[in-house]
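Student: Please take a close look at one part of this model. I would like a single connected account.

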Amino acid sequence: MTFIDQLRAAERQNRSLLCVGLDPEPAKFPARLKGDANKIYDFCARIVDATADLVIAFKPQIAYFAAHRAEGQLERLMEHIRRVAPQVPIILDAKRGDIGSTAEQYAIEAFERYGADAVTLSPFMGFDSVAPYLKYPEKGAFLLCRTSNPGGADLQGQRLASVDGQPLLYEHVASLAQGPWNLNGQLGLVVGATYPAEIERVRALAPTVPLLIPGVGAQGGDAVATVRAGWREDAPIVVNSSRAICYASDGDDFADAARREAQRTRDGLEAAKP
């Protein structure tokens with residue numbers, strides 16, 4: 001089953017467009033776990049167990065593990081997700097972008113070491129920095145396109161005078177992902193929920209690729225506007241919320257609170273479908 005097929009199956013089974021981002025910060029853990037980086041796996045596994053039937057995907061952010069020397073805990077977490085939620089694909093949020101020989105090693109890390117189903121990538125160094133990931137035919141890769149951070153427009157919003165039609169950079173990335181770079185239908189795009197007009201523009205340029213949409217929840221993205229701009233019946237969207245769900249409570253009920261917030265968000269996204 002390809003990554004795109006996995007997304008579609010998870011959307012149907014869990015009736016969900018919601019992706020739960022796993023960004024563990026020990027300083028924000030509930031009292032019994034607070035400040036203890038050795039409890040990263042325990043915290044994240046509880047979130048996974050509480051939300052596994054509510055999501056289209058999980059998205060662990062590798063930096064939050066690596067910063068605490070917790071790569072081993074990430075490996076355990078990936079195994080746990082595959083065991084308790086085999087229907088839910090895992091997107092490793094790594095935002096890698098390097099020359100082909102180095103990209104080959106990053107692809108091994110993402111797909112063989114961690115067993116991710118997809119990975120986030122920066123396309124800034126061109127197609128040869130993306131191609132090694134596409135050698136894994138059942139895996140997916142989301143290219144940064146129009147990101148949710150305020151500084152994204154510094155480069156992504158610049159006009160390309162040398163390209164026919166003089167598109168903005170993010171528009172050009174969307175066209176490449178829909179067309180010549182998407183050799184085997186493995187590519188998706190990252191577009192921030194904080195910019196629904198840009199989501200709509202990306203969807204017009206890339207009508208069939210999946211969109212990974214961060215920024216709902218703590219970043220303030222409009223869930224209804226996001227779904228209306230990006231969702232199409234034949235093209236999945238993966239709407240990510242991290243902090244609002246993982247840190248919905250700082251008490252012992254944190255997993256139950258995460259489930260309630262995930263269910264509320266999931267239901268809101270479903271209701272927004274046109």
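Tutor: A patch is made of residues with over 30% relative accessible area and no salt bridge, with like charges joined within 9 Å and nonpolar side chains (Val, Leu, Ile, Met, Phe, Trp, Tyr) within 5 Å. Accessible areas come from the Shrake-Rupley method with a 1.4 Å probe, and for residues only the protein chains shown count as cover. A salt bridge puts a side-chain nitrogen of Lys or Arg within 4 Å of a carboxyl oxygen of Asp or Glu.

The model is predicted, so local features need pLDDT of at least 70 and side-chain atom pairs count only at pLDDT 80 or more, while totals for chains, interfaces and linings use all residues. Residues are numbered from 1 along each chain as its sequence is written, and side-chain values use heavy atoms, leaving out hydrogens and water.

Ile99, Phe124, Met125 and Leu155 make a nonpolar surface patch of about 440 Å². Phe124 sits in the loop between S4 and S5; helices (H or I, at least four residues) and strands (E, at least two) are DSSP runs numbered from the N terminus. Phe124 counts as exposed because its relative accessible area is 68%, where buried means under 20%, exposed over 50% and partly exposed in between (1.4 Å probe, protein chains only).

Lys139 is also found in the loop between strand S4 (118-121) and strand S5 (140-146). Lys139 is buried yet has no salt bridge, and the nearest side chain of opposite charge, Asp117, is 4.1 Å away; Lys and Arg count as positive, Asp and Glu as negative, and His and the chain ends are not counted. The Lys139 side chain reaches the backbone oxygen of Ala116 at 2.9 Å. Leaving aside neighbours within four places in sequence, Lys139 is in contact (heavy atoms within 4.5 Å) with Phe3, Phe111, Gly115, Ala116, Asp117 and Gln186.

Strand S5 leads on to a charged pair. Arg146 forms a salt bridge with Glu198, the closest N and O atoms being 4.0 Å apart. Arg146 lies in strand S5 and Glu198 in helix H8 (residues 196-205), so the pair ties together parts 52 residues apart in sequence. Both Arg146 and Glu198 are buried.

The structure holds 15 salt bridges. Another of these joins Arg259 to Asp53, with closest N and O atoms 2.8 Å apart. That pair links distant parts of the chain, 206 residues apart: Arg259 is in helix H11 (residues 254-271), Asp53 in the loop between helix H2 (40-51) and strand S2 (57-60). Arg259 is partly exposed at 27% relative accessibility, and Asp53 is partly exposed at 39%.

Methods: A polar contact is a pair of N or O atoms within 3.5 Å; within protein, one must be able to donate a hydrogen and the other to accept it, and residues adjacent in sequence count only if both atoms are side-chain atoms.
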